[in-house]
Amino acid sequence: MRSRQLVAGLVLAAAFVAVSIQNWAGNDLSLKAIEQLLVFALPLAGIYALAATGLVVVYSTTGVFNFAQGAIGMLAAFVYWQLKVQWGWSTWIAVTVTVFVLAPLFGILLERAVMRHLAGQDLVIQLMVTVGLLLGFVGIAVTIWDPNVGHSVPAFFPEQGFQIAGVVLTWHRFIALCVALALVVGLRFLLYSTRAGIAMRAVVDNRSLAALNGVSAQQVSMFAWALGSSLAALAGVLIANETDMSALGSLTLATLVPAFAAAAVGRMRSLPLTYLGALVLALLQQFASLFLSFGGRWAQVPNRIPEIMLFAVLLMRPAANLRFARLTATRRHARVAKPRSAAAGLVVLVFAIALVGTLLSSANLARLDEGIGLALVALSLVPLTGWAGQVSFAPLAFAGVGAAAFAHWGGTQGHPWALLFGALAAAPVGAVLSLIAGRLQGLYLGLATFAFAYFTGDVILNQPFAFNGQSLTTPRPTWFGISFNSDRAYLVLLSIAFALVAFLLVALRNSAWGRRLVAMRDSEAAAATVGVNLFETKIAVFALSAAIAGLGGGFLAMFYGHTASNAFDALVGLALVLQIVVGGVALVTGAVFAGVFRLPIQILQDHWDSKWIRGLQQIAPGFAALGIIQSPDGAVVAIADGFAPLIPGRTSERAERAKRTRERRAAARAREAKIPQLGLTEPFTAETIGEIERRLGIASELAAGRR
Amino acid sequence: MSRLAVSDVSVRFGGLLAVDGANFSVESGSVIGLIGPNGAGKTTLFNVITGLQTPSAGSVTLDDRDLRRAKPYKRARLGIARTFQRLEAFGSLTVRENVLVAAEMRKRWATTRYDAGIVADKILARVGITALAEARCEQLPTGSARLVELARALAVDPRILLLDEPSSGLDEDETDALGALLVALARDGLGVLLVEHDMPLVMTTCDYIHVLDFGRVIAQGTPTQVQTDAEVQRAYLGSKATM
């Protein structure tokens, strides 16, 4: 595989040179300019390295990849602002309290309350809980610190610094660089010369062996979270001065995606390589801002350099080995619906949605419309993540591709077949993503789709063949003489479309192909050894998923009427993925849950407006994710389970489990009671032996052999 | 007649030579035993044969066709099926669905048309797990789940069947039944390669046995020959043990 990596490296280098020549801003590449580049890039690299180190320390010791890393940094930046600016504390006390007291405590709290329960869970659950925390923390910050009021954190020693190569290196940046360098030395000392560090390395190497040798994995895990959280806070406080704090999302992502890219270079383990990754990324970013100029359709490229680098680094990874089944038993109780009962359920659903639609105010009706449109997009994850077990953060990006194709190929005139074109356009994009990233597995696949979603949302969808940075008119249709222009009529159309796609999916799950997808999720190795071509199957399921999302994109475009690329923002997409996992990603009803999850909060807000209710819109989905630790099958299953005793002929899973346990105990008692009667007090007869053989299902060959 | 041949296969994990120039073959209609202490390289050899592990050296051929470039799913389609030592049943599917997945896959390259459902039911009956058909695999005890894996492997209608400790988790009667089934399968023309720690089972079912230790085949022969082989007794059973 070395030659493959070499080729990939050469292609990337060639692409870099070509892009540089194409977009050269005209500055001379002199020695002085390069010195300037270094002066700007090194401190930035230091901040990225801090954030990435936190990520790596936590991932390698606990196995949890923390999407909330950037959000912890963001929260820390605001806490620092509160202490320093609002309450007027001195800089050093504010920094110390934020980074060395509050952040570690917060990390320990997170570990005790949440992360400890994630060990051994499904990857999708692990990822989604931290994604949930990311969104929840952003929600909390928005609620406490109103983003419309300016918050800015002053630099350490503002306006001061010293000159190198004709540019001023501020003390703030110099400190960032020094802290990062000190951290290298400090971590080296920690990991190799202290008891805690050696215990951490032992846990990284072999958790169970370390436990047998008296290392408390829980203590190590707590320590890792405290350290990781502290590093996130340090990175957050340092970068707050460099970014706009009112854009909370971008402040969160300012350290998160670079940390992902740097950690990916270090393969989530190696700290020196992680530092190298941080340095390369900072150099690339500063190079682009000093020497290149991107305009027009490529204007967003400089902002997406971390995503591009993350994607490229992931692609250079060698192909993953086939996945064996996980040792931990996944608790999956969700019944697989048969097509007939699903059809009945979906008809009821369409009527129910239509009925609810008549009861809602016009504002809420529009929200429900959008919710069902999003539910249709969320359906795309049911076969992909729910059945095939492939992590994807990109459903809304595929919806964007579908919407653009829809608008270009007849959607602006309201042609019905344009919807089909939307789906057909998205499918090959999904197939290509799978073709490129399909060698990756689990977390790495998830990160690649995450990078892809951001890049697509900001760059691809703004190309002339897509939205071209404008909004396109995508009116609601009139089909067969029926106008679907009103929100109410469109709601019916949307729910029928949802029901049709959902029905097809249920039928698919009951088909040979559906079983094959689940088999692949449960054990890739076993699936391959019964003849399943995993590569082909993954491409097919990615294409199917993208097509469903693309169809949903067309419907969403018609709902909006005027559609631009920002309707398919990656952070919104992340929330949608989170909501369907919370609802139940293996179920079509989970998609309904994902679509309408926020509606009750929105209605609540209409009646009782307060900043906390508003904040709840973001906080609620985030913290709802904590529920999937308890019920990994999702809220729909948990809710249905709760209602099950009320439905005649159905018992709840919990009741069934209790019943099974009772039966097992009774059977054990009966067996014990029978022992004296069998063999001990009276000898076995030929009849008894025959009966035992029959009960045990011993094959006739053996019985014949005995005789 | 089919013949699976393993020639001079070595597998190196870093500094550890897990398999060291292993040579043996399996032919249709016979049960071949592969025994050896834990860590002798048996499972690694299975992974090499099924394509889950690339060997450092040597080759695997099926009917003189070199399998080096064949991916795991290709090897399955050529007629090699296996079970796993650490359970790899499809946990969230039912027992019948586990077998059905394989039977349905098999239709892709089968020359005759058939109903996968009927085939699955027949195989469940033959392995003796019809009663469990609708149970979800993750809820089964180990022994039953191993039988599910066996049934699933049979559903791809293999020519060569690799079984990795199929009897662990089974009680004595179930093990006897398994032994009888293996003999019957071989009589029907299947080549079986059996990795097993249950010596009575190995000795009663196998036609020929290879003994592996530290990645090398240290002895081979009929059950009687192997039982009396001095080196086997030393390396595998300890000097004082008897079989």
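User: Hi! Which domains is chain A divided into?
Analyst: Chain A has domain 1 (2-315), domain 2 (347-638) and domain 3 (653-706); the bounds come from an automatic or database domain assignment. This is a predicted model, where local features need pLDDT of at least 70, side-chain atom pairs count only at pLDDT 80 or more, and totals for chains, interfaces and linings use all residues. Residues are numbered from 1 along each chain as its sequence is written, chains are lettered from A in the order in which they are written, and side-chain values use heavy atoms, without hydrogens and water.

User: How many residues of domain 1 and domain 2 of chain A are in the contact?
Analyst: The C-alpha centres of these two domains of chain A lie 31 Å apart. Their contact (heavy atoms within 4.5 Å) takes 44 residues from domain 1 of chain A and 41 from domain 2 of chain A.

User: And what area is buried between domain 1 and domain 2 of chain A?
Analyst: About 3,900 Å², with carbon and sulfur atoms giving 80%. Buried area is the accessible area (1.4 Å probe) that two parts lose on being put together, summed over both.

User: Which side chains meet in a salt bridge there?
Analyst: A:D458 and A:R304 do, at 2.0 Å, N to O. The count between these two domains of chain A is one salt bridge, a term for a side-chain nitrogen of Lys or Arg within 4 Å of a carboxyl oxygen of Asp or Glu.

User: Switching topic: in what order do the four strands of the open sheet in chain B come?
Analyst: The order is β2-β1-β4-β5 in chain B, with antiparallel pairing. Strands here are DSSP runs (E, at least two residues), numbered from the N terminus, and two strands pair if DSSP finds at least two bridges between them.

User: Why is one side of β2 and β5 of chain B left without a neighbour in the sheet?
Analyst: β2 (16-27) and β5 (65-66) of chain B stand at the edges with a single partner strand each, so one side of each has no neighbour in the sheet. Two bridges join β4 (residues 57-62) of chain B to β5(B), and B:T61 has B:D66 as its bridge partner in β5(B).

User: Now, how many residues of chain A are in contact with chain B?
Analyst: 35 residues of chain A are in contact with 36 of chain B. The area buried between chain A and chain B is about 3,000 Å², and carbon and sulfur atoms give 57% of it. In chain A, A:R515, A:T529 and A:V530 lose the most area to chain B, together 22% of what that side buries.

User: How many salt bridges are counted between chain A and chain B?
Analyst: Two. One of them joins the side chains of B:R108 and A:E536 at 3.6 Å, N to O.
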